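Have a look at the picture first, then work through the points below.

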Amino acid sequence: MSDPLLQAKTARETLARALGALQADPTVPPSLLLVAEPVAQAMSALHAIERSAPTIELRSAFDAREHVRRALNMLQAQEVRHAAIDTATEAVAVALGIVFSLSRLAEAPPPGAEAASAPLPAA
């Protein structure tokens, strides 16, 4: 998956599944509901990437990555057992892989920058 817009959309939709798992069941403990905040923040950052088309601004990938990491840490630290934890953890982990890839793209030099900075051959 090399298209950054598709990656952002896929990660956002994956996080939406995690958010749904956390919010759909009325028996979800309040401590687990706190994970919804970083998930929603990551989704917002990914949506910003999607809206940036056609220029594709990837700076939000760094924010998304940090929010997804925080959500995953919070899920893994849960001391209660609930089915929503497994569903949300799986979705957040998948999204982290995608968001990590997006952040790598954001760190990469723009196309053609390598050629411009390469030394000229000796005459």
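**A short briefing**

Ile56 sits in the loop that links helix 3 and helix 4. Keep in mind that you're looking at a predicted model.

- Ile56 has a positive phi of about 55°, even though it isn't a glycine.
- With a relative accessibility of 29%, Ile56 counts as partly exposed, because that value falls between the 20% and 50% cut-offs.
- Pro54 belongs to this loop too, and the peptide bond leading from Ala53 to Pro54 is cis, with omega near 10°.
- Ser52 is another loop residue here, and at 13% relative accessibility Ser52 counts as buried.
- The side chain of Ser52 reaches back to the backbone oxygen of Ile49, at 2.6 Å.

**Helix 3**

- Helix 3 covers residues 36–51, and at 1.5 Å a residue its 16 residues should span 22 Å.

**The nonpolar core**

- In soluble globular proteins, nonpolar side chains tend to be buried together.
- Here, the largest nonpolar core has 33 residues, and those with the most contacts inside it are Leu15, Leu32, Val39, Leu46 and Val92.
- Helix 1, helix 3, helix 4 and helix 5 each give two or more residues to this core. Helix 5 gives the most, with ten residues.
- Take Leu46 as a case: leaving aside neighbours within four places in sequence, Leu46 is in contact with Ala8, Ala11, Arg12, Leu15, Ala64, Val99 and Leu102.

**Two buried loop residues**

- Val35 lies in the loop between helix 2 and helix 3. Is Val35 buried or exposed? Val35 is buried, because its relative accessible area is 0%.
- Beyond its neighbours within four places in sequence, Val35 is in contact with Leu22, Ala71, Met74, Leu75 and Gln78.
- Val35 and Ile85 are 50 residues apart along the chain, yet their C-alpha atoms are separated by 10.0 Å.
- Gln78 sits in the loop between helix 4 and helix 5, and Gln78 is buried as well, with a relative accessible area of 16%.
- The side chain of Gln78 makes a polar contact with the side chain of Ser31, at 3.0 Å.

**Charged pairs**

- Side chains of opposite charge can pair when their charged atoms come close. How many salt bridges does a search of the whole structure find? There are eight.
- Lys9 and Glu13 form a salt bridge (3.9 Å, N to O). Lys9 and Glu13 both lie in helix 1, four residues apart, which is about one turn of the helix.
- Glu57 pairs with Arg59 in a salt bridge, with the closest N and O atoms 2.9 Å apart. Glu57 is partly exposed at 33%, while Arg59 counts as exposed at 59%.
- Glu66 and Arg65 meet in a salt bridge as well (3.5 Å, N to O). Salt bridges with shared partners join Arg65, Glu66, Arg69 and Glu107 into one network.

Notes: Residues are numbered from 1 along each chain as its sequence is written. This is a predicted model: local features need pLDDT of at least 70, side-chain atom pairs count only at pLDDT 80 or more; totals for chains, interfaces and linings use all residues. Side-chain values use heavy atoms; hydrogens and water are left out. The expected span of a helix is 1.5 Å times one less than its number of residues. A nonpolar core is a set of buried Ala, Val, Leu, Ile, Met, Phe, Trp, Tyr and Cys residues joined through side-chain atoms within 4.5 Å. Buried means under 20% relative accessible area, exposed over 50%, partly exposed in between (1.4 Å probe, protein chains only). Contact means heavy atoms within 4.5 Å. A polar contact is a pair of N or O atoms within 3.5 Å; within protein, one must be able to donate a hydrogen and the other to accept it, and residues adjacent in sequence count only if both atoms are side-chain atoms. A salt bridge is a side-chain nitrogen of Lys or Arg within 4 Å of a carboxyl oxygen of Asp or Glu.
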